[in-house]
Amino acid sequence: MIENEEQARAFCAERCDEKAMERLERFIPLLASENQQQNLVSKPSLEKVWMRHIADSLQLLDHVPRETAGPWLDLGTGAGFPGLALALARPDLRLILVESRKRRVEWLERVAAEFGLRNCRVAGSRLESVETCEVGVITARAFAPLGKLLELSARFSTRSTTWLLPKGRSGAIELSEQPGAIREMFHVEQSATDPSAGILVGKGRPHLR
């Protein structure tokens with residue numbers, strides 16, 4: 001379990017190269033500055049930004065099979081987590097960042113341009129308006145309750161799609177409220193950054209009622 005900023009930074013350094021770490025280092029003051037203009041993240045969380053946001057995002061890499069093909073679809077990217085952090089850390093990954101709030105879309109696009117991130121595209125609209133495509137991974141942090149999330153995003157998934165859904169303390173409860181087929185599709189992994197949080201990890205295309 002990651003307990004401090006030093007451990008969080010070391011955790012990230014094990015999952016990306018030196019140039020990626022430099023990008024993440026440059027990104028943090030940009031986030032802090034923009035947070036004064038719009039409420040991207042809570043102010044206290046900036047004091048533990050590596051643990052609360054960067055490592056919290058990059059831990060998702062540990063749950064993706066090496067053979068995974070196709071882009072990542074990040075729902076409700078907001079301040080950039082996990083999608084933008086992943087794009088900064090791993091330029092070999094293709095990401096689609098879905099965000100509907102105008103000022104946050106502008107922020108994501110500005111950062112992508114600042115770092116020349118050709119590997120990520122910002123879809124500045126509600127998920128319902130995003131054109132359907134097949135993706136290899138679907139991620140979401142604080143996007144919607146599990147049932148609603150699956151309802152909105154199932155059309156992007158295939159039998160080989162990996163789902164990575166950080167859910168905090170509510171993950172196991174939300175999963176227990178789903179139909180049997182969904183409960184069998186997902187399991188809960190312990191978060192590396194919060195002893196009380198879990199990540200819903202699943203594979204396939206959900207069969208909804």
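This is a predicted model: local features need pLDDT of at least 70, side-chain atom pairs count only at pLDDT 80 or more; totals for chains, interfaces and linings use all residues.

Residues are numbered from 1 along each chain as its sequence is written, and side-chain values use heavy atoms, with hydrogens and water left out.

**The chain as a whole**

- The chain forms nine helices and seven strands; these are DSSP runs numbered from the N terminus, with helices being H or I of at least four residues and strands being E of at least two.
- For 209 residues, a compact globule would have a radius of gyration near 17 Å, and the chain agrees with its 16 Å (taken over C-alpha atoms; the globule rule is 2.2 Å times the number of residues to the power 0.38).
- Along the principal axes, the C-alpha atoms fill a box of roughly 45 × 35 × 35 Å.
- Among contacts in the chain with a separation of 6 or more, 70% join residues 24 or more positions apart; contact means heavy atoms within 4.5 Å.

**Buried residues and helix α4**

- Of the 209 residues, 53% count as buried (buried is under 20% relative accessible area, exposed is over 50%, and partly exposed is in between, with a 1.4 Å probe and protein chains only).
- Helix α4, residues 49-58, has nine of its ten residues buried, so this helix is largely enclosed by the rest of the structure.
- Among the buried residues of α4 are Trp50, Met51, His53 and Leu58.
- The partners that the buried residues of α4 pack against are α1 (5-13), α2 (18-35), α3 (43-46) and α5 (83-89).

**Cysteines**

- A disulfide is a covalent bond between the sulfur atoms of two cysteines.
- Here a disulfide is counted when a pair of cysteine sulfur atoms lies within 2.5 Å, and the count comes to zero.
- The closest cysteine sulfur to that of cysteine 12 belongs to cysteine 16, at 6.4 Å, which is too far for a bond.
- Cysteine 12 is buried, because its relative accessibility is 0%; cysteine 16 is buried too, at 12%.

**Leucine 30**

- Leucine 30 sits in helix α2 and counts as partly exposed, because its relative accessibility is 32%.
- Leaving aside residues up to four places away in sequence, leucine 30 touches Trp107, Glu114 and Phe115.
- Leucine 165 is 135 residues from leucine 30 in sequence and 26 Å away in space, C-alpha to C-alpha.
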